[in-house]
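Visitor: I would like a close look at a single part of this protein, and then at what lies around that part. Please keep the account plain.

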Amino acid sequence: MDHDAYVRYIILKEFGTKPLSIIRMKVGLCNEVYKVKIEKNKKVVVRLNKDESSLKGSDKFIPLFKSKEINVPIILAKDYSKKIVPYAYQVLTEIEGEDIGKVIDKLNKKQLGLIAKEISFIINKLKVISTNGKFGYVGYESKNLFSSWTKEMQRHINTMISRGEKTGVLDNQKIKFLHQIFEENRSYFDKVDSIFYYDDMSSKNVMIKDGKFTGLVDLDGVSFGDYLEAIGRIKASWYGTKNGDYYTKCVIEEQKLNKYQVKIVTMYALLHSIYWMCENGIQFNANTKNVVNKSQLKKDLERVEKLTIKYRGM
């Protein structure tokens, strides 16, 4: 059976009806995600994963985000046993709209400013949630966390190098550059407090409809550490584009960041651009391939070069 067949079976089991349409969502690397119409005016989202732990974080974080009055999906049905289909799955309500990355070029300044304000509100709402004092990515369980942000950043660097060497995306000069950026910012990393934040709300997971923010999706995990890293991802997503740069500027202004913090955001944007470049040629799910996309690599290298110049000039 293919994924569509699994989705049809899940919908029949959970809702007693056959889906009217199934559309694969092509954004994201972790889960296999489908938007499914089950009635004329009702759509749901089906998420599949061989690793149930990658889904179970939503059980934990969706209620938490809702308690902070952040609009997120509701889990309608779930089964992690892999006995019904050979995948753990969730069925969730649809948050209407599209990922911001698909529509940002169509938004005007007023719309971008209002969305940035919403994102800043979310950052502030989450920052007050207590952590366990550790650092790193937190899913359903708080495993493999570090005693410092410095060690978490070292893990990021090691991941980039491991992937980049495997695919040939990174040469010795770029590896040396990564180590250099890390050492230049080590004293800053050493001082970072453990702050609760949602890291993955840049080009995806921020849903937009008719120019307005409608909610967040993909809440399988959060991060403990430096919330400026999340803003760095936003900056990296569309650096050098008119609307992307304006949107980033609005988020930074809403957060009232000082000049030094803006430099740190730029450093994170640079590192994330390299991190994303090192995902090229690594197969994570059916959306990705184990062959380097040379056209995408060229674009990534251009973005890395621009951000390097910007960072060095600050």
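Where does Ser202 lie?

Guide: This is a predicted model. Ser202 sits in the loop that runs between strand E8 (195-197) and strand E9 (206-209). Its relative accessibility is 2%, and because buried means under 20% relative accessible area, Ser202 counts as buried. Neighbours within four places in sequence aside, the residues in contact with Ser202 are Ile100, Arg233, Ile234, Ser237, Trp238 and Trp276.

The surroundings can be followed through the helices. Helix H9 spans residues 242-254, which makes 13 residues. From first C-alpha to last, H9 reaches 18 Å, close to the 18 Å expected at 1.5 Å a residue. Its buried residues are Asn243, Gly244, Tyr247, Thr248, Cys250, Val251 and Ile252. Cys250 has a relative accessibility of 9% and so counts as buried. The cover over the buried residues of H9 includes helix H3 (100-103), helix H4 (109-127), helix H8 (228-237) and helix H10. After H9 comes Lys256, with a positive phi near 55°.

Another buried cysteine is Cys278, with a relative accessible area of 0%. As for disulfides, the count comes to 0.

Helix H10 covers residues 259-277, and it also meets helix H5, residues 149-167. The axes of H5 and H10 come within 10 Å and cross at roughly 35°. On the H5 side, the contact is made by Trp149, Met153, His156, Ile157, Thr159, Met160 and Arg163. H10 contributes Tyr268, Leu271, Ile274 and Tyr275. Sorted by type, the residues of this contact are 8 nonpolar, 2 polar and 1 charged.

The account now turns to a sheet. It is an open sheet of 5 strands in the order E1-E2-E3-E5-E4, with antiparallel pairing. Strand E1 (21-25) and strand E4 (75-79) are at the edges; each has a single partner strand, so one side of each has no neighbour in the sheet. Ignoring direction, neighbouring strands of this sheet are turned by 20° against each other on average.

Strand E3 can be taken in more detail. Of its 8 residues, 6 are buried, and E3 is mostly covered. Strand E2 (residues 32-39) and strand E3 (residues 42-49) run antiparallel and are joined by 7 bridges. A hairpin with 2 residues connects E2 to E3. Across this pairing, Lys37 stands opposite Lys43 in E3, and Tyr34 has Val46 in E3 as its bridge partner. E3 is also joined to E5 by 6 bridges, again in an antiparallel arrangement. There the bridge partner of Asn49 is Ala88 in E5.

Two helices lie across strands of the sheet. Helix H1 (residues 3-15) lies across E1, E2, E3, E4 and strand E5 (88-93), and runs at about 120° to E3. Helix H2 (residues 53-67) lies across E3, E4 and E5, running at about 40° to E5.

Key: Residues are numbered from 1 along each chain as its sequence is written. This is a predicted model: local features need pLDDT of at least 70, side-chain atom pairs count only at pLDDT 80 or more; totals for chains, interfaces and linings use all residues. Side-chain values use heavy atoms; hydrogens and water are left out. Axes are lines fitted to C-alpha atoms, for helices over the stretch in contact, and angles run from 0 to 180 degrees between N-to-C directions. Helices (H or I, at least four residues) and strands (E, at least two) are DSSP runs, numbered from the N terminus. Contact means heavy atoms within 4.5 Å. Ala, Val, Leu, Ile, Met, Phe, Trp, Tyr, Cys and Pro count as nonpolar, Asp, Glu, Lys and Arg as charged, and the others, Gly among them, as polar. Two strands pair if DSSP finds at least two bridges between them. The expected span of a helix is 1.5 Å times one less than its number of residues. Buried means under 20% relative accessible area, exposed over 50%, partly exposed in between (1.4 Å probe, protein chains only). A disulfide is a pair of cysteine sulfur atoms within 2.5 Å.
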